[in-house]
Amino acid sequence: MEHASYSKPTQRDIDRTETDLLINLSTVTQRGLAKMVGCHESKISRTDWRFIAAVLCAFGMDSDISPISRAFRHALEGITKEKAPMSGNSFEA
């Protein structure tokens, strides 16, 4: 919870997060998400995604579900792993 932000999220943040949730849902489908979660598909279809988006924004976790944020994070991890110094026993003469 080190990312938690206790200020009221803006409508724009909630809109963006809701869109990101729906994009993620479209990639796995309602049936696929229901199997992953272990519930009936009808529960997924009745979910209030806007409310979940508002909760994620309130906790500052909205960037965790953003496809663009994840892509940047993966790219950054790839760059930092390539540039990381090698560990081991290397002796200079």
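Modeller: Please bear in mind that the model is predicted. The protein has 4 helices and 0 strands, and its elements run α-α-α-α from the N terminus on.

Colleague: What makes cysteine 57 count as buried?

Modeller: Its relative accessibility is 8%, and buried means under 20%. Cysteine 57 therefore falls in the buried class. Of the 93 residues of the protein, 19% count as buried.

Colleague: Why is cysteine 39 called partly exposed?

Modeller: Cysteine 39 has a relative accessible area of 24%. The partly exposed class lies between the buried limit of 20% and the exposed limit of 50%, so cysteine 39 belongs to that class.

Colleague: How many disulfides does a search of the whole structure find?

Modeller: The search finds 0 disulfides.

Colleague: Which residues make up the largest nonpolar core?

Modeller: There are 11 residues in all, among them Ile14, Leu21, Leu25, Trp49, Ala53, Leu56, Cys57 and Ile65. H1 and helix H3 (49-58) are the elements that give two or more residues to this core, and H1 gives the most, with 5 residues. Leucine 21, one of the core residues, is in contact with Trp49, Ile52, Ala53, Leu56 and Ile65, its neighbours within four places in sequence being left aside.

Colleague: Why is the pair of arginine 50 and aspartate 15 called a salt bridge?

Modeller: The N to O distance between their side chains is 2.7 Å. The limit is 4 Å from a side-chain nitrogen of Lys or Arg to a carboxyl oxygen of Asp or Glu, so the pair qualifies. Arginine 50 lies in helix H3 and aspartate 15 in helix H1, so the pair ties together parts that are 35 residues apart in sequence. Arginine 50 is partly exposed, at 27%, and aspartate 15 is also partly exposed, at 35%.

Colleague: Which residues are linked with arginine 50 in a network of salt bridges?

Modeller: The network links Asp15, Glu18 and Arg50. Arginine 50 forms a salt bridge with glutamate 18, the closest N and O atoms being 2.8 Å apart. That pair links helix H3 and helix H1, its residues being 32 residues apart.

Colleague: How do you know that aspartate 13 and arginine 16 meet in a salt bridge?

Modeller: Their N to O distance is 3.8 Å, and the limit is 4 Å, so the pair is counted. Aspartate 13 and arginine 16 are 3 residues apart in helix H1 and are therefore separated by about one helical turn. A search of the whole structure finds 4 salt bridges.

Colleague: What is the phi of threonine 29?

Modeller: Phi is near 65°, a positive value in a residue other than glycine. Most residues other than glycine have a negative phi. Threonine 29 is found in helix H1 and counts as partly exposed at 42% relative accessibility.

Key: Residues numbered from 1 in each chain as written. Predicted model: local features only at pLDDT ≥ 70, side-chain atom pairs only at ≥ 80, totals over all residues. Heavy atoms only, no water. Disulfide = S-S within 2.5 Å. Buried < 20%, exposed > 50% of the residue type's maximum accessible area, 1.4 Å probe, protein only. Core = buried A, V, L, I, M, F, W, Y, C linked by side-chain atoms within 4.5 Å. Contact = heavy atoms within 4.5 Å.
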